Amino acid sequence: MLALAALYEPDDTSQAFQYYDQAAVSEPYALFKLGEFMENGLYDEGFRSKPNQAFALGFYKRAT
């Protein structure tokens, strides 16, 4: 799932987000990447949503 997410990330962040979300069950790096998506506003709420640093922090904490 991580490899697929990395392949999609440059061109299709919506698809990459979905793969990272699936991988987050067992991969801390996927949680970190989801945090980056939240921090930069790249998550799947209309593609370009508002950055959410508080939500991103939750992902970063879970990743450690």
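View 1. Tyr20 is buried, with a relative accessible area of 2%; buried denotes under 20% relative accessible area, exposed over 50%, and partly exposed the range in between, with a 1.4 Å probe and protein chains only. The model is predicted: local features require pLDDT of at least 70 and side-chain atom pairs pLDDT 80 or more, whereas totals for chains, interfaces and linings use all residues. Residues are numbered from 1 along each chain as its sequence is written, and side-chain values use heavy atoms, with hydrogens and water left out. Phe37 is likewise buried, at a relative accessible area of 2%. Together with Phe17, the residues Tyr20 and Phe37 make up one aromatic cluster.

**View 2. The aromatic pairs.** Rings of Phe, Tyr and Trp (for Trp, the six-membered ring) are paired if their centres lie within 6.5 Å; planes under 30 degrees apart are stacked, over 60 edge-to-face, and the rest tilted. The count under this rule is 6 aromatic pairs. In one of the pairs, the ring centres of Tyr8 and Tyr19 are 5.6 Å apart and the planes stand at 25 degrees, so this pair is stacked. Because Tyr8 belongs to helix α1 (residues 2–8) and Tyr19 to helix α2 (residues 13–23), the pair ties together parts that are 11 residues apart in sequence. Helices (H or I, at least four residues) and strands (E, at least two) are DSSP runs, numbered from the N terminus. Tyr8 is partly exposed at 33% relative accessible area, while Tyr19, at 16%, counts as buried. The pair of Tyr20 and Phe37 is edge-to-face, with 5.9 Å from centre to centre and 70 degrees between the planes. This pair links distant parts of the chain, since Tyr20 lies in helix α2 and Phe37 in helix α3 (residues 28–40), 17 residues apart.

**View 3. The buried face of helix α2.** Which residues of α2 are buried? They are Thr13, Ala16, Phe17, Tyr19, Tyr20 and Ala23. Seen down the axis of α2, these residues fall within an arc of 165 degrees, so they line one face of the helix; the arc is taken over the directions from the helix axis to the C-beta atoms. The buried residues of α2 pack against α1 and α3.

**View 4. Packing of α2 on α3.** Two packed helices are described by the angle between their axes and the distance between the axes. For α2 and α3, the angle is about 140 degrees and the axes are 8 Å apart. Axes are lines fitted to C-alpha atoms, for helices over the stretch in contact, and angles run from 0 to 180 degrees between N-to-C directions. Contact, meaning heavy atoms within 4.5 Å, is made by Thr13, Ala16, Phe17, Tyr20, Asp21 and Ala23 of α2 and by Ala30, Lys33, Leu34, Phe37 and Met38 of α3.

**View 5. The two sides of helix α4.** In helix α4 (residues 53–63), the buried residues are Ala56, Phe59 and Ala63. They cover an arc of only 55 degrees around the axis, which puts them on the same side of α4. Ala54, Lys61 and Arg62 are exposed on the other side of α4. The buried residues of α4 pack against α3.

**View 6. The whole chain.** The protein has 4 helices and 0 strands, in the order α-α-α-α from the N terminus on. Of its 64 residues, 33% count as buried.
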